[in-house]
Every structure is written in C-alpha cells, then in structure tokens.
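Q: I'm new to this one. Could you show me how to read its features?

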Amino acid sequence: MLTEDERRLLFVQALQARERAYAPYSGYRVGAALLTETGQVFTGANVENAVYPLGLCAERVALFKAVSEGQRRFRALVVVTENGGMPCGACRQALWEFAPDLWIWVLDVSGQVHWQGALRDLLPHAFGVQDLPADEGG
Ligand code: THU
C-alpha cells in the first residue's frame with residue numbers, strides 16, 4: 001500500500017506523463033506512474049501510430065521502461081485517464097509477469113479515485129510461467 005503523500009506524488013507524475021501522450025487517433029490520453037520497490041518511479045504515456053495496432057498503452061510503456069532499466073520489482077501503479085478507464089487486459093497480463101501483488105490506483109484527471117485494488121483481482125486465474133512445461137524449450 002501507499003501513503004497518501006506517495007499516492008499524491010504518483011498521481012502528479014502520471015498526470016504529467018499523460019500530457020505527453022501521443023494519441024491523435026483515439027484522442028484518449030493515458031498516463032501511468034509505476035513505483036519500484038526501491039522507490040524509483042517510471043512514467044509512461046500511450047503512444048499511438050498511423051498503423052493503429054502498433055500503438056502502446058501507457059502502463060506498458062512505463063513497465064518496459066522500468067524493466068529495460070533493470071527494475072523488476074514493483075509496489076504500485078497509478079493510472080490517470082480522463083474518465084477513470086481501467087487498464088486493458090494486455091497490460092494486466094504484462095504487469096502480472098513481474099508483479100502479481102501490484103497495487104493499482106485508477107484516477108481521473110481531477111484526482112478522483114475510480115478504483116484501487118490488487119492486480120490479482122483484475123486478472124484472476126492468470127496464465128503465468130508456472131503454466132509453461134518445464135522441459136519444452138523453444
Ligand atoms: N490505453 C492505455 O494507454 N491504457 C489502457 O489500459 C487502455 C487504453 C490507450 C491505448 C490507446 O492509445 C487509447 O488508450 C485508446 O484505446
């Protein structure tokens with residue numbers, strides 16, 4: 001869990017990241033702030049493309065930035081959208097790989113909390129590394 005101050009700071013960082021979203025096609029801007037266990041924050045914004053399926057969600061931008069910088073352990077994620085929209089299924093699965101116990105806050109731009117809870121509750125019966133046969137390499 002987070003202190004009120006920690007959550008406020010992550011909200012501001014996600015809000016600022018949302019300003020940097022590149023979403024000319026959907027017009028739906030999303031910002032994310034991911035807190036590592038060591039106290040670092042990685043932000044992300046959605047980045048769309050004229051080839052629509054290439055766009056990436058804010059949550060995965062933040063996650064991939066963090067992992068590619070050597071961080072794999074996370075405490076919390078704050079997501080900011082215009083209306084409190086929830087993280088998509090693909091992002092839930094991507095986050096599950098590293099942080100099944102992640103605590104997630106979903107807020108709108110005014111700072112109102114629309115949802116908070118554990119990733120476990122957003123992705124029940126998730127597929128994970130334990131489901132892969134141990135003896136079958138690529
Ligand atoms: N989007 C996110 O960034 N995160 C989500 O969890 C839901 C959707 C983005 C993707 C796309 O750029 C836009 O919102 C509309 O779907």
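Q: What do the buried residues of α2 pack against?
A: Helices and strands here are DSSP runs, numbered from the N terminus (H or I, at least four residues, for helices; E, at least two, for strands). Contact means heavy atoms within 4.5 Å. In this predicted model, the buried residues of α2 pack against β1, β2, β3 and α3 (89-96).

Q: Which residues of α2 are buried?
A: Buried means under 20% relative accessible area, exposed over 50%, and partly exposed in between (1.4 Å probe, protein chains only). For α2, the buried ones are Ala58, Glu59, Arg60, Val61, Ala62, Leu63 and Ala66.

Q: How should I trust and count things?
A: Local features need pLDDT of at least 70 and side-chain atom pairs count only at pLDDT 80 or more, while totals for chains, interfaces and linings use all residues. Residues are numbered from 1 along each chain as its sequence is written, and side-chain values use heavy atoms, with hydrogens and water left out.

Q: Which residues of α1 are buried?
A: Arg7, Leu10, Phe11, Ala14, Ala17 and Arg18.

Q: Where is valine 47, by the way?
A: Valine 47 sits in the loop between β2 and α2 (58-68), and is partly exposed, with a relative accessible area of 41%.
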